Amino acid sequence: GSLLREFSLVVVFSTLMSLFVSFTITPMLASRFGKIEKLSKDTLWGRLNLGFEHLIDMLRNSYGRALEVVQRKKRWLLSGITILIIASFALIPAGFIGAAFIPSTDKGELLVTLELAPSASIFQTNAVTQQVEKIILKKPEVKNVFSSVGFVTGGVTGAGNTANLAELNVTIVDKTQRKETDEQFGLRLQRELSVAIPGVKITAVPAASGAQSPIQIAVKAVDIKDARQVAEAYMQVARKVPGTQFVKLSVKDPKPQVEIKLDREKMASFGLNAGQVGAALQNAFSGNDQSKFKQAGKEYDILISFKATDRSDINNVRNLPFTNGDGQTFVLSQFADVKEGLGESVLERNNRLNSITVNANVAGRPVGTVTAEIKDAAKKLNIPKGVIVEFLGDAKNQGDAFGSLGLALVTAILLVYLIMVALYESLIYPFVVLFSIPVAVVGALLALALSMETLNIFSFIGLIMLLGLVSKNAILIVDFTNQLKEEGRPVEDALIEAGRERLRPILMTTLAMILGMLPIALATGAGAEIKSGMAWVIIGGLTSSMVFTVFVVPAMYLIIEKIKNRFQRSGAPSLKPVGTS
């Protein structure tokens, strides 16, 4: 809603203003400046206009003859249209039309992240960053580089120490001045940097995606081991799906740790308790700085702890001494099982459950399509009980947006129908008009496939806009047919005459809207990809509507009219207009 509200308000108010102008200013201007002009073949302007009129007359006559044939072959027409509708929807699961939340844009900005060894100092990280800067600035596509050493925006998660991390914001020239997209340039740059500076984890992704990865798979469980097992399985699945890049976990690899399991019965028999043991272990490893040293009026903390060499040897831990209240001394191994193991260096929680997130970037393919393939491939995984897998990021946003936009689409169809019911004072003729919508969807989906655009929130809003635009063609035919019927014309003749007379306004208005959308569809500036999908949907939908509606609507009108007459002859409840008696 926040993305589309302003856009929708502009469309609504501009349409209302257009309606007001058409009822007031347009008739006034026509009355002042309109005149009958006699065209002559003696002038160039006259020849052009007469040629255009001759072309329109040929189209009208050809269309009238075709409509006569279609009225006798309604089954063939509707069968063909049904096949086209099914085939157009089949383009989505067949992979010709991808899905995404927001289309990827080429803004000419890259985010390069560097990750050195955990023990690297800020000085070492800065030295590597300067080396990377020199390599990047040698590229002719690069305009400038801004580096942050030891401070990251969230693209790399992990422990609190970020001295081994760096980010470089790279600005490159406009896409009209280079042969590669920002994604392709980032991939090439990442490969070159990885070869030039081995031992450093380097990623280069478009800055438009931000620090958050477009694909995020949150694995939650009570047991952290189960969460890691499933997360690693999903990571392997994601890496095998074409289009994924930089697939990694949100936490670091497990690190060696000392695991101590206390035998409480033995500990109680020795006169010790868990509090004493915990305090002693904390003093040994974390240190105790409660003591102070005073000299010359100044205080200094005294840190008491094991030496680093003692903490690194597990035997020293096993021999850690403890004294009970009777003065007896024991070592830790006498009442505890001490062993080495692997443990998480970072703990994440989501809804009070241990959580590990699989993050992945996407290049060259729609995010929604890649996410769907990951879900299909992950169905074969054996997920332990109690483990919850949730897709976040663009996948969640896309699902939420498509759900609300789908509801908006259904609501728009219902509103269009109800408004026409009120205007026509009939329940059946507005139903005929609604048959113009499926044939428009055929062109919309075909245009998305041919232009290689994705089905995203902007192309979806284009589908909703089509409802009002394509219904106009059907309304012109149905309305004029009703007028001719009231004059006593047979239904078949009225439909042919209405089609011929309304062909010109249908062509004029439809072509005007198509030409108006072409600049948006063909725009090449920065960020133009966001709106191009919507423009192609409208262009394709209007084109197919212009071609098919003029045949489908008369055929459906004739079918429904015959059904209505049959009901009336059989004595069934009349389907007369609502406002008649």
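The following questions and answers go through parts of this structure, which is a predicted model.

Visitor: Which residue in S3 is the bridge partner of Asn144?

Guide: S2 and S3 run antiparallel and are joined by seven bridges. In S3, the partner of Asn144 is Thr171.

Visitor: Is Arg178 buried or exposed?

Guide: Arg178 is in the loop between strand S3 (165-172) and helix H6. Its relative accessible area is 11%, and the cut-off for a buried residue is under 20%. Arg178 therefore counts as buried.

Visitor: Which backbone oxygen does the side chain of Arg178 reach at 2.7 Å?

Guide: Leaving aside neighbours within four places in sequence, Arg178 is in contact with Asp106, Gly108, Glu141, Ile172 and Val173. A polar atom of the Arg178 side chain also lies 2.8 Å from the backbone oxygen of Glu180. The backbone oxygen at 2.7 Å belongs to Val173.

Visitor: Which residue in S9 stands opposite Lys294?

Guide: Strand S8 (residues 288-295) and strand S9 (residues 298-304) pair in the antiparallel sense over six bridges. The hairpin has two residues between the strands, and Ala296 takes a positive phi near 55° in this hairpin. Opposite Lys294 stands Glu299.

Visitor: How many residues of H16 are buried?

Guide: Helix H16 (residues 457-486) has 30 residues. Its reach from first C-alpha to last is 44 Å, close to the 44 Å expected at 1.5 Å a residue. H16 is mostly covered, and the number of buried residues is 21.

Visitor: Where does H16 bend?

Guide: At the start of H16, a side-chain oxygen of Asn456 reaches to within 2.9 Å of the backbone nitrogen of Phe458. After H16 comes Gly488, with a positive phi near 100°. The bend in H16 is about 35°, and its place is Leu466.

Visitor: What is the phi of Met452?

Guide: Met452 lies in the loop between helix H15 (436-451) and H16. With 72% relative accessibility, Met452 counts as exposed. Most residues other than glycine have a negative phi. Met452 is not a glycine, yet its phi is positive, at about 60°.

Visitor: At which residue does H17 bend by about 40°?

Guide: Helix H17 (residues 491-522) has 32 residues and reaches 43 Å from first C-alpha to last, close to the 46 Å expected. A proline, Pro505, follows the bend within four residues. The bend is at Arg502.

Visitor: What is the relative accessible area of Ser545?

Guide: Ser545 is in helix H18 (residues 529-569). Not counting residues up to four places away in sequence, Ser545 touches Val439, Ala440, Val470, Asn473 and Val550. Ser545 is buried, and its relative accessible area is 0%.

Visitor: How many Å apart in space are Lys73 and Ala555, C-alpha to C-alpha?

Guide: Lys73 lies in the loop between helix H3 (44-72) and helix H4 (74-90). At 46% relative accessibility, Lys73 counts as partly exposed. Along the sequence Lys73 and Ala555 are 482 residues apart, but in space the separation is 9.0 Å.

Visitor: What distance separates the C-alpha atoms of Asn273 and Ile215?

Guide: Asn273 is in the loop between helix H8 (264-269) and helix H9 (274-285). Asn273 is partly exposed, with a relative accessible area of 39%. Along the chain Asn273 and Ile215 are 58 residues apart, and their C-alpha atoms are separated by 48 Å.

Conventions. Residues are numbered from 1 along each chain as its sequence is written. This is a predicted model: local features need pLDDT of at least 70, side-chain atom pairs count only at pLDDT 80 or more; totals for chains, interfaces and linings use all residues. Side-chain values use heavy atoms; hydrogens and water are left out. The expected span of a helix is 1.5 Å times one less than its number of residues. The bend at a residue is the angle between axes fitted to the seven residues ending there and the seven starting there. Buried means under 20% relative accessible area, exposed over 50%, partly exposed in between (1.4 Å probe, protein chains only). A polar contact is a pair of N or O atoms within 3.5 Å; within protein, one must be able to donate a hydrogen and the other to accept it, and residues adjacent in sequence count only if both atoms are side-chain atoms. Two strands pair if DSSP finds at least two bridges between them. Contact means heavy atoms within 4.5 Å.
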